Amino acid sequence: MVQRIEKIELSTNFPIGPVNVYLVFGEKLTLIDAGIQTEQAWNELIAGLRLFGLTVQDIEQIVLTHHHNDHMGLLQWILEKNPVPVYAHKDTETYLADEAYMKWSGEFFDRLFVEFGLTEEVAEKWAYRKRDRDVLAGLKIEKGLQEGDGIPGLPGWEVIETKGHSQDHISLYHAGEQIFICGDHVIDDIHVGIFLDAPLPGEQRAKPLIQYIANLKKCLKLPIKITYSGHGPDIYDISRFIHAQFERTEYRVQRVKNVLEKGNATGLDIVKKMYPERYKKGLITFVFEIISVLDLLMERNEIFAEKQNGVYVYSLI
Ligand SMILES: [Zn+2]
């Protein structure tokens with residue numbers, strides 16, 4: 001059976017522009033992702049469904065690619081009108097709805113940001129933002145998904161874990177028709193951002209850029225004819241994107257090394273040297289980028305870190 005997939009674009013107030021949600025007309029009518037929680041996006045969703053002769057009541061299940069708020073924002077309003085099962089990565093419920101994890105996450109980032117070189121005050125301000133933004137108390141994920149799982153109501157589709165952009169990121173793959181629905185794992189012509197999530201209690205922090213590179217390589221091995229991304233146009237040649245992403249990553253790696261060639265530096269020093277003006281606006285995006293690049297350089301044995309007065313100072317080996 002040929003898979004019918006339709007895209008609906010929903011506005012966001014993020015620099016990346018609109019987010020794509022998808023309708024997959026499987027055994028069950030499935031909505032992939034759920035936009036941002038604004039009246040405008042809600043109206044666009046209703047209008048988009050109407051184009052296909054549908055309403056919110058016709059949606060039979062929802063799959064989330066990851067927990068970021070431009071991908072799950074309208075979930076609450078949809079479920080209020082039509083309480084359908086929601087499927088997502090097995091850890092998504094924790095990231096979205098577990099109060100104890102939110103508290104731990106704030107404490108974790110507070111510590112991490114101080115070690116990176118931020119002042120206590122700035123660290124605290126940024127560390128607790130995530131909790132305030134994302135908590136969705138009471139959300140129940142019907143079934144937590146992992147690599148290789150099938151998806152109820154969508155025969156022929158399987159879950160490909162694509163951690164890196166977030167720690168609960170999944171993509172959906174239809175091997176028969178070589179279709180890939182990939183959330184923010186790949187976005188045409190855009191350097192995909194790497195975000196950190198606090199580890200689950202008892203676990204070590206993941207090294208997201210290292211995971212991301214491994215998961216891009218995994219995708220290079222999948223036969224894929226068309227990729228439906230969480231943002232921007234459909235992608236017909238995913239390998240071209242993946243190689244471009246590798247190049248953009250190596251460019252950033254080299255820039256960090258260039259800073260360290262001039263002398264030892266804290267993470268924050270590196271951010272300021274690389275983005276002297278821009279860093280003030282989107283500080284945490286840059287902090288995450290540099291932490292993930294430093295992880296990669298540590299893994300490659302090109303740098304080492306020494307803690308001085310509670311802050312890590314990095315040097316080239
Ligand atoms: Zn995202």
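A: Contact here means heavy atoms within 4.5 Å, while axes are lines fitted to C-alpha atoms, for helices over the stretch in contact, with angles running from 0 to 180 degrees between N-to-C directions. Helices (H or I, at least four residues) and strands (E, at least two) are DSSP runs, numbered from the N terminus. The model is predicted, with local features needing pLDDT of at least 70 and side-chain atom pairs counting only at pLDDT 80 or more, whereas totals for chains, interfaces and linings use all residues. Residues are numbered from 1 along each chain as its sequence is written, and side-chain values use heavy atoms, with hydrogens and water left out.

Strand 5 (residues 86–89) pairs with strand 6 in the parallel sense over three bridges, and Ala-88 stands opposite Gly-144 in strand 6.

A further open sheet has four strands in the order 7-8-9-10, again with mixed pairing. Its edge strands are strand 7 (157–161) and strand 10 (226–228), each of which pairs on one side only. Strand 7 and strand 8 (residues 170–174) run antiparallel and are joined by five bridges, with Ser-171 in strand 8 as the bridge partner of Ile-160.

Turning to helix packing, helix 8 (residues 208–220) and helix 9 (residues 238–261) pack at an angle of about 155°, their axes 10 Å apart. That makes helix 8 roughly antiparallel to helix 9, a term for angles over 145 degrees. The contact includes Leu-209, Tyr-212 and Ile-213 of helix 8, and Phe-241, Ile-242 and Phe-246 of helix 9. By class, this contact of helix 8 with helix 9 has nine nonpolar, four polar and one charged residues, where Ala, Val, Leu, Ile, Met, Phe, Trp, Tyr, Cys and Pro count as nonpolar, Asp, Glu, Lys and Arg as charged, and the others, Gly among them, as polar.

Definitions and conventions: Two strands pair if DSSP finds at least two bridges between them. Angles under 35 degrees count as roughly parallel, over 145 as roughly antiparallel, 65 to 115 as roughly perpendicular and the rest as oblique.
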